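Please look over the sequence and the model before reading on.

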Amino acid sequence: MLDIYSQNTANYPRLKTDAMFDDFGRESSFDGFVDRYIRYIEDFQLLDEELWARFVRQFNEDADFDAGWRGEYWGKMMRGAAMTYAYTKNPKLYDVMAKTVNDMIESADEDGRISSYGRGHEFDGWDMWSRKYVMLGMQYFMEVCQDKCLNDKIIESMKKQADYIIARIGDEEGKLPITSATRHWRGLNSSSILEPIVRLYNITGEKRYFDFAQYIVSSGGTDVENIFELAYENKFCPYQYPVTKAYEMTSCFEGLLEFYRITGIEKYKTALIHYADRILESDFTVIGCAGCTHELFDHSTARQSNTTNGEIMQETCVTVTLMKFFWQMTLLTGNSRYVDAFEISMYNAYFGSINTEKIVKRDVIDNYSTDCITEVMPFDSYSPLTAGIRGTGIGGFKVMSDNHYYGCCACIGSAGTGLIPKMAMLAANDGYVLNLFINGTVKMNTGDGAEFNIQTDYPKTGIVNITVNADGEFTLYIRNPHWSDNTQVTVNGKNIEVCDGYIKIRKHWVNGDRVELSLDMQTKVVYPIEYGHEILMNKVIWGHNYMVSTYDEQDPEALKHIAFTRGPITLAQDSRNGYNVDEPVDIKIGDNGCVDVVIPKEDKAQYQHIAEVEVPLTNGKYMTLTDYASAGKLWSEQSKIAAWIKVSRR
């Protein structure tokens, strides 16, 4: 075991492998829509004791008799709840979490086994995947746990859970290989248990968990190709791998990231950077998600403007998992490009998925089951890019024994809002890192415990005023977003030099020091990529392919669309603004590739939104666009939306 810690600041050990650090003791207080989203999810979902009890019951019966994934619900939601509690500090939420954690521990059988699968068909389907989430949920609760006795009970429970698995899964005679402990995705979902196994090793220091993690890494994630080697060699993008399930694959790489932290093997760090950068290159859309073919990597950077993609695309599980992965990659590398990506995902695909109107569509539910009790899901599962509507499906839909149902995206969603305070401000060895520009106050616990008061209406505009309350010398790193072509920064009224990535301000700070950031918020035009046709997965190379058709022909209609970005947000049409989103428009575009929009003095959009602009048309009229996240929230033709806007000419 390597000595992975470099120092201990404010009772938080800093990893030698990482460039930046989470501050578990930070106190954040946001204003406006970000805070509203966080508390909406807390009130509507996370404080629902009946929901928690229902999820625990899945482990007291053979709930996943159909090789399902009901066992993932509890751990997914617990991870988000623990992150949310770190922000809200709501004692009611803590009590709810503590009770359900105790209930989950009590659900174990005599061997300490916690599974929603009966013993007669365990280690099949999504059993290992669900066990992963039970352990992850417990581990994230430990980060906020205030009771040492409960903490010790959690550790003992996790050890028994892991020991039961290790006794039956492995490469020794009589054991089942990790990639065969499922019938799905050639072992990706079962291999993703790597993450909590590594974290359990960090907690206990017991070598058998390291050995099991090492075995999982050596197995390569699937039974057809070693995805970690593919990423390291960097010859292919993830959509060209023989297995392309985006969410599960990224979960495996999250496990590899934790394994790198305890081994320091640089090959793994290289593989992680290659994987992250290839996603941003080949499978990252204007709304910050991946996959236009169901939940699969499929070269969506190029294919996103096709009108033939279908409704099951841009899954919320993929969005949140990418956000978490980009947060981890920011900690690991200190590269601001991953914050840029996180922010795009957050402001567009993620915020757009929150069901703020509490819409429920019985016709959609009936496509899955006609016997279940109607539920309002807190999150939508799929997001349209070309003209379409929200609320077309419930990802991971499963009915439970009491006829209530739930879904995977509904459970993972709270981790998205929980991640925002974590990413907003990080610690560095020599100071603090301001990543997100959210109106409110952040008081850091590490270092000198500096407090930062941020006044802004970003991303509506690009003006961010920061008041620093501190007495000491440190470096303040401020992210300079890649899309801002003309960023300006002043400290106490004096201009300072601006650079790409992070702007570095080193000084002795005193209470009341002021930093003003001015970001370039031009409205830029994004054009589709012309690719004609391509091989999505090259069967000639692999000798096999899995789940995705090999050949893809570009939709001719795709090239008749454009998109608009303004800072981190993507603008979108909404039929409530008085036009037909299916009809082409002729937009006046400047020679610089930007549109000279008008910011209305009074809102014209008759729904709550983050940003609104008037886009000039060639006939002298204007078209109202709002941020993508706020559009389409009625989940019907009444609020049909489009991020890729059909145009008469380009």
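## Basis of the report

This is a predicted model, in which local features need pLDDT of at least 70 and side-chain atom pairs count only at pLDDT 80 or more, while totals for chains, interfaces and linings use all residues. Residues are numbered from 1 along each chain as its sequence is written, and side-chain values use heavy atoms, with hydrogens and water left out.

## Salt bridges and a buried pair

The structure holds 49 salt bridges, a salt bridge being a side-chain nitrogen of Lys or Arg within 4 Å of a carboxyl oxygen of Asp or Glu. One of them joins R70 to D64, with the closest N and O atoms 2.9 Å apart. Both R70 and D64 are buried (buried means under 20% relative accessible area, exposed over 50%, and partly exposed in between, with a 1.4 Å probe and protein chains only).

## Partly exposed pairs

R208 forms a salt bridge with D163, and their closest N and O atoms are 2.9 Å apart. This pair links distant parts of the chain, since R208 lies in helix 9 (residues 207-219) and D163 in helix 6 (residues 148-166), 45 residues apart; helices are DSSP runs of H or I with at least four residues, numbered from the N terminus. R208 counts as partly exposed because its relative accessible area is 33%, and D163 is likewise partly exposed, at 29%.

Salt bridges that share partners join D18, E143, R199, E258 and R261 into one network.

Note on methods:
Helices (H or I, at least four residues) and strands (E, at least two) are DSSP runs, numbered from the N terminus.
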